[in-house]
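Me: I have a sequence and a model open side by side. Please take me through some of the local packing, one question at a time.

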Amino acid sequence: MIICGLVTKSEEPVPLKSICVDVVVRGFVADVVSELRYQNEEKSPVEVVFVFPLDDEAAVYAFEGLIGGTRIEAQIREKKQAEQEYEDALSEGRQAFLLEREANTSDIFTCSLGNLPPDGEATLKLSYVQALAPEPDGAIRFVLPAVLNPRYAPQGSEGGNVTKSIPRVPKGKLPYTLSLSATLESPYGINRVESKCTLEPLRYTAEDHTIAQVSLAEGHQFDRDVELLIYYEDVHKPSALLEAGKPGAAPASLMGNPALLLTLYPSVPASKPSQKATGEFLFLLDRSGSMECNTEYSSDSPDSPRRIQSAKETLILLLKSLPLGCYFNIYGFGSTYDSFYPQSVEYTQETMSKSLQRVKELQADLGGTEILQPLQAIYNQPCREGYPRQLFVFTDGEVSNTDEVIDEVRRHSSSHRCFSFGIGEGASTALIKGIARAAGGSAEFITGKERMQAKALQSLKKALQPAVTGISLSWDLPPGLKAELVGSGPQVIFQGQRCLIYAQICGQHQSSGSTEGAVVLQYLFQDQTFKETMKFSLHAQETDRLPVHRLAAQALLQELEGVGEKEKEKQRLALETSLSSGVVCSQTAYVGINTELGMPLQGPLTRRDVPHPYLLPISAFGGPVMQAIGMNRSRRAAPARMAMMCSMPSPVVYGSVDCLGELEDSACFEEEDVELTPKKEESPFLKLVSLQNADGSWPLDSDLASILGLSEAEISSKSPAQVAPNAWATVLAILWLHVNSLEQKDEWELLEAKALSWLHATTGPQLVECVKAGNAMLGSGVSPGVFEI
């Protein structure tokens, strides 16, 4: 078989044979151990290079190998020193392995195994810990990333792009296997586990359902992210975990002191959406070629929505949910960028209608993924006094200059909040989480058949909330003890959102009395002071892996290593923290060397890169571009078409295209891959939303009548006396939403609130009669309480 990917086209053996993953999820913390098993079937020594993604917030803290029966524990070193030790070991004929984080991004790692002899076997073990956040529906989401999409390198960018050199093989042809088992623990009980991957049945190992085990079914292909959605019986409960320090670590150090993890859910009052809410809302939409893909690559889910279509529907809902009197603008970006208006415009019926039509016409037709330039253009626009700026970014997150983009957002963090959305598998967690963290917003990820709309509307609700300010912490501890925050503590609080606090407990307990401590979280919201107190036990838990300490170190490293914060002192502290905690950062790497001397190398060591699946359909190379160069179903013409595509000036290139002569015989491009996803008819729900006016009302016309399944004349004849047609239409539209789209309520809550505000201001006491008549006409039984009457 000819393996035709974007780099590899020969039958090179792949030494990586299997990946075995063991996960322990305790509450909101996942501790993960991945074992990579290698075997060299060639007649000469090889160096195996495996590039793989990890979540931006994962703290890699241990790396070890078993080579020829010898266990070797890797040591963390400054990166340049580790790389030099690795190269020296290879030149001396020693077996060695290296783990390092890629430059310019925190979510890609490279694992190198050198001097694996003929018929030699090796197992490398990687350990990391990660804090897990609840999803909007309460699920705890654990993801083992598999999809590493090629990252677009902007024009003129410096440094290498490691994803360009990754071999790609046809989907389903990966030469290595994956197995995963997970142990779940929660004192509140485990209800169920869901996944888009096939799982073995959930098995409870405790009668009270507080411990359970689950694993992937056999035969899983590691060509999609493995996602576990874990549902506890009660998820929004504050919790505290005090972990004893590392034995032998320096006293009064981060690893030597007990570490405390507090999980709080501040009860910020939920402010009702108001027609008077002001703000400047900017929407930045990725229109690069890869947005033409479905949100899920799997052939098992051909009905998952196209990324661009899902984003467009989300924009329509966001537009309809904005308050009157605010300002807004919509930007699109690819190799170039454009905007609907030269600068933000006031939200009126005219600007809303004009923008709505333009949104419906948007395509994924702007080439590559140059996100920095549109961000700079946005920040060059002066802010409007009294209109807080809120930026919403929608992207599949495939760029190589991640740190530079985050730096740009951070530099302007005082003038706006950023809410980001990663679309599809493989979206960069470093980019999506990084820009939200840098500008006090929140990040969401949308994969598979998930609806982007609900998550985007939840973020809009956060953006409409007045900012929480004056956040502070005070501690109440027994004599002899004091608490020191790790990092700067919580900077942003949203209603109902989890807040993590890491602290060290320093000193010696001087009395045998109190075994409890307490922390008070204080903040200002709409000129009111709120205080929340949480008590916690001072009995520290002894653990081998020290997950809380590692997470605290990772949180501190993210703060210290923020781009734009390049002061030497902060870099020194980051290096010290990384070396003492074992958590890898941009300045460090793990290196392990077999001290048994081998034979010096004669000639170059054969390098073998571990492949990833080639998942992007051919339409991802630019959508309409393919039509322009005569794409059709004839596979015999493939080489010529690909050659034409390679010569096009558009920089939408995912790796080096190096298979022109063999493309026609490759399984990479089967007939179903070249067909563009057919355009789906607009749903009745979206049609109804599109009809709403900017002030919240609906017009009484034939379009509304069609959705209601009645004639316009029939609707008018049933209207209560002296009720304006648009008031009657608005009541009917709200009733229809409650009857036909109740499961999508998260998506239309804001536009309903706008409609109710308009009804109360214009209809008065006749609203009761309207609701009664509307229920009778539609055959519904919606409670008048819905209309706040």
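Me: Leaving aside neighbours within four places in sequence, which residues is Asn40 in contact with?
Reply: The model is predicted. Asn40 sits in the loop between strand S2 (29-39) and strand S3 (46-53). Leaving aside neighbours within four places in sequence, the contacts of Asn40 are Pro45, Val46, Leu116, Pro117, Pro118, Asp119 and Gly120.

Me: Is Asn40 buried or exposed?
Reply: The side chain of Asn40 reaches the backbone oxygen of Ser44 at 3.0 Å. The relative accessible area of Asn40 is 1%. Buried means under 20%, so Asn40 is buried.

Me: What share of the residues of the protein count as buried?
Reply: The accessible surface of the protein is about 32400 Å², with 49% of it belonging to carbon and sulfur atoms. The protein has 789 residues, and the share that counts as buried is 55%.

Me: How many helices and strands does the protein have, and what percentage of the contacts with a separation of 6 or more comes from residues 24 or more positions apart?
Reply: The count is 17 helices and 33 strands. Among contacts with a separation of 6 or more, the part from residues 24 or more positions apart is 75%.

Me: At what angle do helix H2 and helix H16 pack, and is H2 roughly parallel or roughly antiparallel to H16?
Reply: Helix H2 (residues 307-321) and helix H16 (residues 745-762) have axes 8 Å apart and pack at about 25°. An angle under 35 degrees counts as roughly parallel, so H2 is roughly parallel to H16.

Me: Which residues make the contact between H2 and H16?
Reply: H2 passes H16 in a left-handed crossing. From H2 the contact uses Leu317, Lys320 and Ser321, and from H16 it uses Glu747, Leu750, Leu751 and Lys754.

Me: H7 also packs on H16; is H7 roughly parallel or oblique to H16?
Reply: The axes of helix H7 (residues 452-464) and H16 come within 7 Å and cross at roughly 40°. Angles under 35 degrees count as roughly parallel and 65 to 115 as roughly perpendicular.

Me: Which residues of H16 does H7 meet?
Reply: H7 passes H16 in a left-handed crossing. On the H7 side the residues are Gln453, Ala454, Leu457, Gln458, Leu460, Lys461 and Leu464. The residues they meet in H16 are Asp746, Glu747, Glu749 and Leu750.

Me: Helix H6 is mostly covered; what do its buried residues pack against?
Reply: In helix H6 (residues 429-438), nine of the ten residues are buried. These are Thr429, Ala430, Leu431, Ile432, Lys433, Gly434, Ile435, Ala436 and Ala438. They pack against strand S23 (389-395), helix H5 (402-411), strand S24 (416-423) and strand S25 (443-446).

Me: What covers the buried residues of H5?
Reply: The buried residues of H5 are Thr402, Val405, Ile406, Asp407, Glu408 and Val409. Their cover includes helix H4 (372-380), S24 and H6.

Me: Is Ile734 buried or exposed, and which residues is it in contact with?
Reply: Ile734 belongs to helix H15 (residues 725-740). Its relative accessibility is 0%, so Ile734 counts as buried. Leaving aside neighbours within four places in sequence, Ile734 is in contact with Glu752, Ala755, Leu756, Leu759, Val786 and Phe787.

Me: Is Gln722 buried or exposed?
Reply: Gln722 lies in the loop between helix H14 (712-717) and H15. Gln722 is not a glycine, yet its phi is positive, about 60°. At 76% relative accessibility, over the 50% cut-off, Gln722 counts as exposed.

Notes:
Residues numbered from 1 in each chain as written. Predicted model: local features only at pLDDT ≥ 70, side-chain atom pairs only at ≥ 80, totals over all residues. Heavy atoms only, no water. Helix = DSSP H or I, 4+ residues; strand = E, 2+ residues; numbered from the N terminus. Buried < 20%, exposed > 50% of the residue type's maximum accessible area, 1.4 Å probe, protein only. Contact = heavy atoms within 4.5 Å. Polar contact = N/O pair within 3.5 Å; in protein donor to acceptor, adjacent residues only side chain to side chain. Areas by Shrake-Rupley, 256 points an atom, 1.4 Å probe, with all protein chains shown as cover. Axes fitted to C-alpha atoms, helices over the stretch in contact; angles between N-to-C directions. Parallel < 35°, antiparallel > 145°, perpendicular 65-115°, else oblique. Left-handed = near helix turned anticlockwise from the far one by under 90°.
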